[in-house]
2 protein chains.
Amino acid sequence: MERPPYLRLHFGPTSERQISTKSIVDTIRTQLNGKIDLSGCRLPPIRALAHQLGVSKNTIQIAYDELKILGLIEGRDRAGLYVATREKSLPFSEVIKKVGSPKLKTYPAHPNTLEHSPDEIQLSTVFLDPDILPREKISECYRSVLKNPGLRTHYSSQGLLPLREIIAKRLRDRGMDADARHVVITAGSQPAIDITTRSLQTKIVGTEDPFYFGGKVLMELNGLQTFGLPVDPFVGIDKVIWEQQIRKYRPGLLYLTTNFQNPNGYSYTSEELAHIIEWAHEFGFGLLEDDWGSEMLSYSEFRPGLRALGGKDVLYINSYTKKLLPSLRLGYILGSEKTIDNLVMAKRVSCLGTPALNEYALFEFIDRGHYDTHLKNVQQILDQRYNNCLNLLRELMPPEIKWTTPGGGPILWLEFPKRVSIEQIIQNLKNKKIHLIPTQKTFFKTPHNHGVKIGYAFLKEHQMQKALELLAVELVNELKK
Amino acid sequence: MERPPYLRLHFGPTSERQISTKSIVDTIRTQLNGKIDLSGCRLPPIRALAHQLGVSKNTIQIAYDELKILGLIEGRDRAGLYVATREKSLPFSEVIKKVGSPKLKTYPAHPNTLEHSPDEIQLSTVFLDPDILPREKISECYRSVLKNPGLRTHYSSQGLLPLREIIAKRLRDRGMDADARHVVITAGSQPAIDITTRSLQTKIVGTEDPFYFGGKVLMELNGLQTFGLPVDPFVGIDKVIWEQQIRKYRPGLLYLTTNFQNPNGYSYTSEELAHIIEWAHEFGFGLLEDDWGSEMLSYSEFRPGLRALGGKDVLYINSYTKKLLPSLRLGYILGSEKTIDNLVMAKRVSCLGTPALNEYALFEFIDRGHYDTHLKNVQQILDQRYNNCLNLLRELMPPEIKWTTPGGGPILWLEFPKRVSIEQIIQNLKNKKIHLIPTQKTFFKTPHNHGVKIGYAFLKEHQMQKALELLAVELVNELKK
């Protein structure tokens, strides 16, 4: 077999006293990247090139090593180095054809978007009934903000100070160590997860199994490896497996939704939270608490979470999307003296800032007491809807079906016997315009629960009745099979 | 020298017919990650472990290779493998101590934030004078939107359809191939750059030298390598170096600001744009055009950009931050049939959606004709301010100073002789409450221009006069040295 020819190189005049590795790399790089494809040619032996340029063999060796890292040359056998096969350039139009990771493809469109058909009943949604939302009062706040002659039309990267102050005060009232200086306003929870996980030093993150889909996809987009910590909404966390997993993966962070975990609706006990904080200290990982749901539950102010129990090193995120108005897209991260500068920087790079106009309006809304009035109203309505949902479940469901009793809030978990085909039920209900979100893909491996999430915050009582009646019929049919 | 002891491992009972590599890896991993630090111990020889488990040596070899990749074991000499030194866990509170990349630290706070002192004169800002902003009319639009009984309170991941339609129509009027289906609404330009570069297949991006700071830092946060394409605002692009750089780096994308490049204020010629499109086809890279500035310039509708000239494969981004109201934080990406699905997915993962409330209000504002009226007003005022700025420069500047004449819009470039210390001038003016943004760090290597950016969109005429008078005094002093 014949060897391919050696590559002839040209080195221009130089004023360098000592020819540097860099200039050798640059010269070769430029000649290899020209119009003519030279792939397959052999590079001159190190001693020959060192002789030609009057430099040490070591200098050439380093230059060749760098060209290898750049993918321009490669070793094919013991005898020498060759110009690597050129990567085919993408056609002009294909640059974005396959987004970052193929996992993105598995991230479904949000079922509660504007595009969604309004006559479908959303039986799994975590959103609040739009009719409960205080649009009139929000409108008043916008009007007042935009009339204010002192309004600054720019934005702050960290977020409007008065808003950060009122948020911090409310969190302190809930027993958390919170200072306005350590709050960053974000465009909802998703960007809060984005900013936090973009800022992580560590690359391994543990999260609940089943997991919050949007959070996991986003963390993976940010280059993190995730692993699962099993939670069963009927029995809580499995401490033995949690500790095994923590030992196995040595995470840098756990991302946990401590109230109304999505999708299974579980809320952690104090004993579990204390265990998690102990592990965090023992194994040296951080904690990120996502508290999207607690304010929708009556008396949840008496249920301290990770931040309240674990102190200011616990990162805490929350949002107004589900409680106030989805189309505001506002939330926040609560950090600490140690973490805040980097979180603000990560936010600035990600988006420069959140809409100050919305921040002003939200501040007005909270400051005038509208938010407290609204929450009280939400909790009352949700208590009723929860009780209505429980009554319907007791009345309609076949005996083998079981459900959790979270005591109110937005969602509960409905568990089926394993022989029920969830896919079939979802498909049949879809034909009757009842929309259930499948959850089986939110488990890391084989699902340890077999059921669906039922959201009672979005549906009026008659809608819930209709949906559960149809679901019961499907279940009875499935169980007969 | 004594060898460290071999590691004793325990393998539990198994029901596997054939013990898999995976179960070997998992067992060893769990034992190495326990409380006791076993680092330094030797792994049993492959043949010994293969014998113990009754598997082939190859199975053990693969398991050991995987443990090496996981960083749990390492080869120290020819004789064998050792348990690797444990990475020290971070203390609980240090997880976010050093954000992603140290480069973030170099990204300065935005000078036009709410925190900024209002009595400083911002001589380099690219923002518009807040007094020109149509707050009253925006307020009316919010009021009308929030009164609308048909208002959906949720958001669409791609962005409100009527808004996308009106944007696409306006772009078509400017000679671009644009369809509402290919528009994604974003929270300004920065998230538009984020979403686009998160979606890239390729990892090398070329951008102007000097570069837009926020864009470059963000692209690097997204794992891209950037390189510079020199632009001199007095002579344009250096085609020889551009082609050399393109050949050298083989980019997947060029990110270019074709009108009022930030910081140097250059706007590309048709001949340059045609060259760039030719290169894109020849070398197979994509184009991302950032058009933040053109609408602020009178008659810019007769100056086609890359998207208009290069067709629908050119990705185009624009924003309302600088033209309408910074605190709205709305902008968009225009893609194509081929790219849109992935762009929408990347947006969904990044933030779920932009505030629909702001999208509705912006739609109303454009639809009622307010935006056109406003732009006309902005252009007229900017024409005056530009002329005023030119007159002042002619009157005040020492003879060695030169400047560009972009014909209006928001910024121009002011060039000093090399012997002038820009740092000194910025420092002296700062003491007099005149704020100039340093640009020397926005060049990839040694700056080929030596000056500052002058923004005339933000300052009233008397402010500009004061600022340029003080700048002229400093320059005269520096030139005397």
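Start in chain B: select Glu415(B) and you will find its bridge partner in β15(B), Gly451(B). You are looking at a predicted model, where local features need pLDDT of at least 70, side-chain atom pairs count only at pLDDT 80 or more, and totals for chains, interfaces and linings use all residues. Residues are numbered from 1 along each chain as its sequence is written, chains are lettered from A, and side-chain values use heavy atoms, without hydrogens and water.

Next, show residues 411-415 of chain B, strand β13, which five bridges join to the antiparallel β15(B).

Now select α4 (residues 135-147) and α12 (residues 356-367) of chain B: their axes come within 8 Å and cross at roughly 120°. (Axes are lines fitted to C-alpha atoms over the stretch in contact, and angles run from 0 to 180 degrees between N-to-C directions.) Residues to show at the contact (heavy atoms within 4.5 Å) include Cys141(B) and Tyr142(B) of α4(B), and Tyr360(B) and Phe365(B) of α12(B).

Finally, move to chain A, where α1 (residues 21-32) and α3 (residues 57-69) pack at about 50°, axes 9 Å apart. Among the residues that meet there are Ile24(A) and Ile28(A) in α1(A), and Ile60(A) and Leu67(A) in α3(A).

How values were computed:
Two strands pair if DSSP finds at least two bridges between them. Helices (H or I, at least four residues) and strands (E, at least two) are DSSP runs, numbered from the N terminus.
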